Amino acid sequence: MSFTNKMRQQFAGYGYLRKFVGMEQRIIEFIGEHHLLSFAAATGHDIWCASAFYAFDEKIPAFIITSDAHTRHIKLALENLHPDNSSQAVVAGTIALETEKIGMIRGLQFKAILKKADNSLFNEHRLLYLKRFPYAVLKGGDLWILELTELKFTDNRLGFGTKLHWKNG
């Protein structure tokens with residue numbers, strides 16, 4: 001699916017298309033074209049993956065997801081604390097374009113710090129998530145922030161195996 005002008009306008013309304021310092025515009029556009037990510041959490045004794053709908057918070061930058069705190073992946077993530085800050089959990093994940101055409105393959109790998117969002121009904125992250133997924137108001141669940149620390153974006157349209165890298169900070 002190409003990034004049409006209509007989609008560009010729609011995602012611009014969410015603020016997806018602003019450029020981060022050092023982050024390639026095509027990475028931001030790819031994030032805006034999709035809505036589902038997968039992430040993994042691990043400890044020394046267990047590993048688990050999960051898929052989640054996301055909203056993208058451009059100010060941090062971060063993915064905003066919902067998941068219950070008692071799920072296996074969240075519990076594992078909270079056991080895997082960042083070595084520099086024992087209150088931050090580390091996860092890794094992907095967003096992928098599913099295609100069989102080698103020249104069209106695109107995908108994002110990321111590393112992030114998982115933080116629980118404020119449970120306030122008017123939390124800016126909750127409002128951002130509900131703006132993208134209004135029906136999520138019916139589900140509830142805990143809101144989580146996956147604050148991006150590192151990205152690798154593969155885009156074969158730029159040449160086979162082309163990778164773009166970004167690090168926060």
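## Salt bridges

A salt bridge is counted where a side-chain nitrogen of Lys or Arg lies within 4 Å of a carboxyl oxygen of Asp or Glu. In this predicted model, local features need pLDDT of at least 70 and side-chain atom pairs count only at pLDDT 80 or more, while totals for chains, interfaces and linings use all residues. Residues are numbered from 1 along each chain as its sequence is written, and side-chain values use heavy atoms, with hydrogens and water left out.

Glu147 and Lys115 form such a bridge, their closest N and O atoms being 2.7 Å apart. The pair links distant parts of the chain, with Glu147 in strand E8 (residues 143-155) and Lys115 in strand E7 (residues 106-116), 32 residues apart. Lys115 is partly exposed at a relative accessible area of 28%; here buried means under 20% relative accessible area, exposed over 50%, and partly exposed in between (1.4 Å probe, protein chains only).

The whole structure contains 7 salt bridges. Another of them joins the side chains of Asp46 and Arg72 at 2.8 Å, N to O. Asp46 lies in the loop between E1 and E2 and Arg72 in helix H3 (residues 72-79), so this pair ties together parts that are 26 residues apart in sequence. Both residues are partly exposed, Asp46 with a relative accessible area of 24% and Arg72 with 38%.

The side chains of Lys59 and Glu124 also meet in a salt bridge, at 2.5 Å, N to O. Because Lys59 is in the loop between strand E3 (55-57) and strand E4 (62-66) and Glu124 is in helix H4 (residues 124-132), the pair ties together parts that are 65 residues apart in sequence. Lys59 counts as exposed at 63% relative accessibility, whereas Glu124 counts as partly exposed at 46%.

## Overall architecture

The protein has 4 helices and 9 strands; helices (H or I, at least four residues) and strands (E, at least two) are DSSP runs, numbered from the N terminus. From the N terminus on, the elements run α-α-β-β-β-β-α-β-β-β-α-β-β. Of the 169 residues, 44% count as buried.

The largest pocket has a volume of about 180 Å³. Among its 12 lining residues, those closest to the centre are His34, His35, Leu36, Ile95 and Ala96. Strand E1 (36-42) and strand E6 (85-96) each supply at least two residues of this lining, which by class holds 6 nonpolar, 4 polar and 2 charged residues. A pocket is an open set of points on a 1 Å grid over the protein atoms alone, where a 1.4 Å probe fits, with protein on both sides within 12 Å along at least five of seven lines; lining residues have an atom within 4 Å of a point.

The second largest pocket holds about 150 Å³ of space. Its lining consists of Ala52, Phe53, Thr66, Ser67, Asp68, Tyr129, Tyr135, Ala136 and Lys139. By class, these are 5 nonpolar, 2 polar and 2 charged residues.

## Nonpolar surface patch

Leu36, Phe53 and Tyr135 make a nonpolar surface patch of about 300 Å². Patch residues have over 30% relative accessible area and no salt bridge, and nonpolar side chains (Val, Leu, Ile, Met, Phe, Trp, Tyr) are joined within 5 Å. Phe53 belongs to strand E2 (residues 47-53) and is partly exposed, with a relative accessible area of 35%. Phe53 and Tyr135 also line the second largest pocket, while Leu36 is among the residues closest to the centre of the largest pocket.

Key: Patches are made of residues with over 30% relative accessible area and no salt bridge: like charges are joined within 9 Å, nonpolar side chains (Val, Leu, Ile, Met, Phe, Trp, Tyr) within 5 Å. Accessible areas come from the Shrake-Rupley method with a 1.4 Å probe; for residues, only the protein chains shown count as cover. Grid points are joined across faces, edges and corners, and a volume is the space filled by probe spheres set on the points. Ala, Val, Leu, Ile, Met, Phe, Trp, Tyr, Cys and Pro count as nonpolar, Asp, Glu, Lys and Arg as charged, and the others, Gly among them, as polar.
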